[in-house]
Amino acid sequence: MILEVEDLRVEFPTRRGELTALDQVSFQIKEGEILGVVGESGAGKSITGLAVIGLLEPPGRIAGGEVRLEGRRIDNLPREEMRKVRGRKIGVVFQDPLTSLNPLYTVGQQLVETITTHLPLSRKEARDKAIALLKEVGIPGAEARLDHYPHQFSGGMRQRVVIALAIAAEPVLIIADEPTTALDVSIQAQIIALLKRLSAERGTAVMLITHDMGVIAETSHRVAVMYAGRIAEVGPVRDVIHAPRHPYTVGLMGSIPKISVERQRLAQIEGAMPRLNAIPPGCAFNPRCPKRFKRCLAERPDLMPAGSGAAACWLHAPAHA
Amino acid sequence: MPLLTLEGVSRDFDVSRPWLNRVIEGEPRRLLRAVDRVDLAVEQGETLALVGESGCGKSTVARLIVGLYAPSAGRIAFYGRRMQMIFQDPYASLNPRWRVRDIVAEPIRVLNMKTDLARRVAELLVQVGLSPDDGDKYPHEFSGGQRQRISIARALAGEPDLLVCDEPTSALDVSVQAQILNLMSELQRRLGLTYVFISHNLAVVSQVADRVGVMYLGRIVELGSTAALFTRPQHPYTRMLLDAVPDLGMTGKPRTPVGGEVPNPLDPPSGCAFHPRCPHANDRCRRERPTFAGAVACHAVEERRI
């Protein structure tokens, strides 16, 4: 197993007490596997990614649980130690490529710096590797492009450069947070294909965080659906999309517009996701849930087996059936 | 009788460097043509959608229609009474210092409409699915979807017959997007509204539009009924766009990934603007700009090569 997250809990202290941003989040990603993490804004998907790489913004902190990379615990490492793990073992791709690239250095300088920091290569060898990386991520004219600055690249090409940087130290895990959200659909399709190819060829585990179920359907093997800081459902992508088990996933899938010639009313989930300081007792989804019953108002469901995956919903409790 | 017509409408933006730089460095003036000879007719009661990737000029067309930009060439005619616009960002388009009831009442006040103001505002809020008490609150007390409802109530306050919506749901989560799209089609049915709907999302467009225009580098390359466009797309760019939409059904149909990117609009390709990315381009496409024949502007379609 490359990444194991167990019972992860993240809290943000505020003047009015602790806000629990993540609670009881557990999942694993194995070699060459792409796990999609999907949810609406505020569901906690980005926080999960940041917690794994140890980049939670203070005062946010991990208040419980464990994160293990290749069997080694990394959530309690000292800052400096964690910085090395992050560069060497975990590659990161964020939504906006401009925030990940330094505008004052050429793309080549940034790649060479990353490579020589983490791998025992000379500058000359590192430069050759940088060219090979740019070729691998599909940047035409890689040799000439090495000496260009980030602003000289288009949005799609910039995201390719960021991906080249993320894989430069040959990490075992890539965390990609909304990597295609800022891109047009034709470019998005290119970047999705690239991520898939890299993961398959290099055996890299990928945690793909996005709000776009379409992107997940195209790339991921398994998907975790998050709601109000917890995992509502997790399972193989095909099953979650075609036969969702949690009423939230059912509503979410119904509300995604599909290309169709007949105009139809979209299924909608009434209301909105609760704020972190107002999560209702019982199941967090119960006020919006068309299938709620007495137990949902009082007791919070943990993930339980449902179909080929698991869902945090009392409908799947053995007693209920 | 159409409600709105655009004839040969173009819009140039001056992106030249400052005068002194131009004089010293001997640079010419540079114009960016954001919209290039667009013809459109919007019929009463329909939803006409414009789709395309960033920089294709679709938002500029919206702004030309409502008069936020003046056309550099061509003619825009509106045969209705009034039009309103709904913007993408519900955080930027509502004044944070105003109460919701003042925001919604502003068009009524500006237009000097004779009506019982308080009652009309309450009615508008109910119409978009909010409560009359919400009028006392400020925009920051609402979520993104609720804010977009406030924008819609404000747009309806002036009793428009045309609503120009520029990516009205792009900033919203998908479950909230469904609520707003459903609300918009309900209002259209009830009030007989006409929509010009700008979006980059083909799935959304297929759900809301009666007719769709596809834009590329400032030009409309294909225009047709939603049914025709989504079942029998003709222009190679339309086909490419449809192919690039992630396949949620996981049918595993093979996709032809399209290479290349939208060229720099400051230096558009000769002939057909799409020819550098088009698998069917020939010499004529590189030389001669295709004219809009029937539903599509494409030499290959016209010559029945595809």
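Start by selecting chain B: of its contacts with a separation of 6 or more, 66% join residues 24 or more positions apart (a contact means C-beta atoms, placed from the backbone, within 7 Å). You are looking at a predicted model, where local features need pLDDT of at least 70, side-chain atom pairs count only at pLDDT 80 or more, and totals for chains, interfaces and linings use all residues. Residues are numbered from 1 along each chain as its sequence is written, while chains are lettered from A and ligands numbered from 1 in the order in which they are written.

Next, bring chain A into view. Where the two meet, chain B puts in 32 residues and chain A 35 residues. Helix 6 of chain B gives the most, with seven residues.

Finally, go inside. Which residues have the most contacts inside the largest nonpolar core? They are Tyr227(A), Val104(B) and Val221(B), in a core of 178 residues. Such a core is a set of buried Ala, Val, Leu, Ile, Met, Phe, Trp, Tyr and Cys residues joined through C-beta atoms within 7 Å, and buried means that 20 or more other C-beta atoms lie within 10 Å of a residue's own. Zoom in on Tyr227(A): leaving aside neighbours within four places in sequence, its contacts include Gly39(A), Tyr248(A) and Phe285(A).

Technical notes
Helix = DSSP H or I, 4+ residues; strand = E, 2+ residues; numbered from the N terminus. Buried ≥ 20, exposed ≤ 12 C-beta atoms within 10 Å, placed from the backbone.
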